[in-house]
Amino acid sequence: MSEPLFQIRDLAKVYRMGEVEVHALRQVTLSLDEGQFVVLLGPSGSGKSTLLNIIGGLDVPTSGQVLYRDSDLTQADESTLTAYRREHVGFVFQFYNLIPSLTAVENVALVTEISASPMAPEDALRLVKLDERLDHFPAQLSGGEQQRVAIARAIAKRPSVLLCDEPTGALDISTGIVVLEALQTVNTELGTTTVVITHNAAIASMADRVVRLADGRVTMVEDRTQKLAPQELNW
Amino acid sequence: MRLSALNRKLLRDLWSMKGQAFAIAMVVAAGVAVYVMYQSTFASLSETRRAYYERQRFGHVFASLKRAPQRIAADIANIPGVSALETRVVSGVTLDLEELDEPAGAQLVSIPANRRPRVNDLFVRRGRWIEPNRPDEILASEGFVIANGLELGDRVPAVINGRLRRLTIVGVALSPEYVYSIRPGELVPDDRRYGILWMDEKALAAAFDMEGGFNDVTIALSPGASSEEVVAALDRILEPYGGRGAIPRALQLSHWTVENELSQLQSFGFLLPMIFLIVASFILNVALTRALALQRPQIASLKALGYGNVAIGWHYLKWGLVIGAIGVAIGVAGGASLGTMIIDLYNVYFRFPELRFTVPLRVVVGATTLTFASAGAGAFGAVVRAVRIPPAEAMRPELPARYRRTFLETPLVSRYLGTAGRMVLRNLARHPFRAGASIFGISFAVAILMIGLVFTDATDRLIQTQFWEAERQDVTVNFTEPRSSAAVHALARLPGVVAIEPQRTVAVRVRAGHRERYLAVSGIPPAPRFKRIVDRNGEPIRLPPGGVVLSQTLANALGISLGDIVTLEVLEGRRPTRRVEVTGLVDDLLGLSAYMDLAALHRLMQEGDVTTGALMLIDTAQEPKLSATLKETPAVAGTGFKRAVLRRFREVLAANLGLSIFINLLFAGVIAFGVVYNAARISLSERSRELASLRVLGFTRAEISLILMGELALLTLVSLPVGGTFGYSLAALMVGSIDSEVYRFPLYVSRQAVAWSFLGIIGAALVSGLIVRRKLDGLDLIAVLKIRE
């Protein structure tokens with residue numbers, strides 16, 4: 001532990017939404033270590049998702065720098081970013097973003113087919129306890145199950161980092177806990193650095209490091225030693 | 001082979017939009033079908049013709065003359081470039097077939113009894129070749145035999161040079177010279193009333209007092225020889241023997257007709273499918289743009305998963321290509337069956353030993369290439385736009401669409417517009433390209449339908465002008481050779497003849513500079529009762545007392561205008577040559593024609609009241625009796641009863657136009673349905689939320705249907721006049737392309753044609769609108785509101 005996986009310096013992002021200018025990130029400086037379970041906390045509009053998208057190579061900052069290991073993501077061109085996402089990053093979104101026309105196992109295969117040394121799609125689904133529902137289409141799965149397919153899809157390529165944007169945001173408590181368990185399993189069993197965005201402060205209790213954002217700025221970074229299991233969380 | 005996950009997604013996504021995909025594929029299929037139909041028909045016809053010509057040694061140069069002695073054949077054979085020749089006796093005769101009311105005619109062509117012809121050999125379908133010293137044996141053309149239900153051994157009564165002879169059919173034959181055969185002076189072929197009979201050359205020569213001579217020659221050229229030079233040399237040799245001017249194969253009637261058909265097949269076989277494919281590519285673009293907008297989150301996911309722009313772009317491009325491939329498959333099959341129908345029709349008019357429909361591989365490859373190019377082009381823009389969106393942005397829902405007031409919504413209009421009307425207008429104005437694409441597509445459907453109907457109108461016009469304004473007689477009689485006016489007086493006394501007008505036509509070569517044409521000049525009496533000169537609108541033209549009046553087509557062919565001087569070389573009688581002023585041009589529907597004042601024509605010919613035929617008004621009750629009498633009149637070479645000619649003309653056109661109207665109706669329906677259905681589905685998909693919201697607010701089904709249907713109705717309505725204009729131009733283009741030196745089509749669009757084509761398209765639009773409207777009834781209000789945009 002403690003090797004920094006990401007080093008972020010003076011990161012800023014300005015959006016233009018029609019006629020309005022939105023400052024999503026203002027001079028954010030932060031580092032994330034390898035193997036950590038990181039929780040990004042903040043109210044909506046605080047810049048969490050923008051930060052996550054930039055770390056994940058889905059978006060580019062207006063200014064500032066993001067180093068992934070030794071490479072500078074802010075200098076990378078589109079094909080380099082695509083390759084970066086393909087090889088190193090796993091994404092989990094609030095609304096799962098599964099391909100509705102593909103079954104659970106096919107959604108995972110979508111990733112394993114383009115990765116260098118993936119796990120078998122069935123193994124990835126077993127890890128999130130969905131080996132009974134391989135051939136179900138997203139519409140035949142509950143929200144929690146869909147999110148676990150998304151997690152399986154994200155980790156099947158054995159990424160260096162798993163980025164989760166409000167993974168439990170659309171779920172009730174009990175399904176949310178099952179999803180968080182799946183994330184924890186991935187973090188501990190595979191050692192994948194995991195970054196979870198949430199506005200639910202309770203989830204912070206299972207993190208190694210908690211980063212709070214507000215209005216595009218980092219307001220607090222807390223390293224924790226006492227981690228709770230998901231079922232122990234107090235929503 | 002295992003399908004990759006992405007390809008499975010492709011198939012399932014396509015399946016989920018199967019209605020739309022199928023509608024677009026059908027438009028593609030229509031284009032492919034037209035292409036395959038025309039191009040394969042072209043290939044089948046031209047290949048069949050090439051092989052037939054080669055096998056039967058079809059000639060390259062043809063000439064007819066009054067009479068030349070056999071020894072001249074050696075001079076002709078010595079013309080450089082001539083590889084083989086056949087001298088013949090050819091003459092028109094009247095046949096006395098009992099089953100027919102009107103006299104039938106035939107072309108008698110001599111063949112050697114002891115060998116096969118070196119040029120224009122016959123293909124013997126059944127029976128055998130004629131035997132020497134059996135002067136009454138003949139081979140008869142297949143079309144004539146079939147049409148009259150004749151058998152081998154049957155006897156055909158023919159009036160040969162004034163004597164009735166019973167000719168025995170010993171064989172049924174076809175000739176490359178008569179792939180298309182038509183009675184001289186008629187507009188459509190009639191196998192019942194006109195046939196070709198091949199007879200022993202000695203017997204035929206004897207019958208026409210041509211022993212030791214000939215009146216027709218066909219020549220085959222050696223490879224590389226110039227037919228122009230041979231024609232010129234042949235003309236010089238035959239001049240003293242009453243040569244009527246040699247013609248190259250290109251001007252031989254049968255060849256020319258087939259050639260004309262081929263060139264039409266080729267030009268429409270490219271133009272029409274191209275327009276179909278452009279329409280298809282437009283609606284594919286519109287459909288994919290919408291489908292990809294719905295796929296925004298999925299595109300974002302794929303990008304997040306590490307799929308590159310090229311992989312994603314290719315994935316979506318394949319949507320277009322798969323739809324195109326389905327279109328190709330349906331289109332090739334459809335085009336093949338339509339092509340078979342066209343070939344069946346050709347088999348009625350064109351006589352080949354075997355004309356079969358085949359679809360050459362290169363046509364399929366061509367259709368596939370054109371389709372993929374157009375489907376690819378249609379999909380490409382939509383795909384590039386969708387893929388170009390940065391992944392983080394694609395993940396966010398699309399910005400709410402920006403609407404504005406349209407320029408049409410002036411305070412005055414707004415008052416009458418209502419909410420629904422406003423929504424319709426603004427929605428159309430927000431997607432001008434999409435609206436334009438739909439309008440283009442529907443307009444094209446209107447145009448296609450109109451073209452079919454325009455030809456019906458044109459035909460009616462042609463009949464009206466030609467049969468009722470220009471030639472008002474009931475019966476046309478042609479004499480075997482020029483006669484004195486006494487012959488006309490004799491005809492006037494026949495039963496049933498009410499009025500009669502003599503006719504004088506003279507075969508000439510018209511020259512202007514280095515250009516020339518062969519045709520007949522008609523002598524017109526000062527106050528013509530029957531045969532008048534009329535322009536293409538059926539308006540009679542007054543004949544100037546001097547000079548010659550030419551058809552506009554002839555003037556164009558000769559490159560001359562009013563007031564110019566042309567040289568008339570008469571090809572009969574004393575063969576005078578005169579320079580004559582062009583005192584009138586008539587823009588008529590016939591091809592090459594020339595008219596002179598009758599008296600002036602007699603002066604030119606240095607003759608008295610000579611006639612070559614007569615035009616008669618008759619008492620129709622006496623028609624059978626008159627017909628029977630004319631059949632037995634030796635001086636009569638041929639007769640044409642307007643009633644029979646018209647009936648036949650209508651039959652032929654009904655078959656031709658019936659098929660083409662059917663094909664056009666089919667295609668117009670497919671396009672109109674496809675375009676409107678596609679537009680409706682897109683509107684529904686974009687606005688189901690909005691419409692469901694309105695339902696929740698208490699709008700009735702009828703009211704929300706009005707918004708959706710109103711948009712389709714407006715698109716259709718705007719398309720009608722655009723399509724009408726488009727159809728008119730396309731019809732003008734088609735009519736122009738068959739504007740030939742034989743006949744022309746008038747371009748005339750009746751109100752009925754316009755009305756029917758509009759109604760047809762409104763009907764197709766209505767059907768597809770109603771199908772989509774049924775989906776509106778099933779709108780799940782709660783679910784629609786829950787779906788995240």
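Let's start where the two chains meet: chain B brings 22 residues to the contact and chain A brings 21, with two residues taken to be in contact if their C-beta atoms, placed from the backbone, lie within 7 Å. On the side of chain B that touches chain A, the elements giving two or more residues are α1 (5-16), α8 (296-304) and α11 (391-395) of chain B. Helices here are DSSP runs of H or I with at least four residues, strands are runs of E with at least two, and both are numbered from the N terminus. The largest share of that side, seven residues, belongs to α1(B). By class, the side of chain B that touches chain A holds 11 nonpolar, six polar and five charged residues; Ala, Val, Leu, Ile, Met, Phe, Trp, Tyr, Cys and Pro count as nonpolar, Asp, Glu, Lys and Arg as charged, and the others, Gly among them, as polar.

A quick word on what you're looking at: this is a predicted model, where local features need pLDDT of at least 70 and side-chain atom pairs count only at pLDDT 80 or more, while totals for chains, interfaces and linings use all residues. Residues are numbered from 1 along each chain as its sequence is written, and chains are lettered from A and ligands numbered from 1 in the order in which they are written.

Now over to chain A, which has six helices and 10 strands. Its C-alpha trace spans about 45 × 40 × 40 Å along the principal axes. A compact globule of 235 residues would have a radius of gyration near 18 Å, and chain A agrees with its 17 Å; the radius is taken over C-alpha atoms, and the globule rule is 2.2 Å times the number of residues to the power 0.38. Of the 235 residues of chain A, 49% count as buried, meaning 20 or more other C-beta atoms lie within 10 Å of a residue's own, with C-beta atoms placed from the backbone (12 or fewer is exposed, in between is partly exposed). Among contacts in chain A between residues at least 6 apart in sequence, 70% join residues at least 24 apart.

Two loop residues of chain A deserve a look. Most residues other than glycine have a negative phi. N97(A), though, has a positive phi near 50 degrees, and sits in the loop between β6 (89-92) and α3 (104-112) of chain A. N97(A) counts as buried because it has 23 C-beta neighbours inside 10 Å. E166(A) also has a positive phi near 50 degrees, this time in the loop between β7 (161-165) and α6 (173-190) of chain A.
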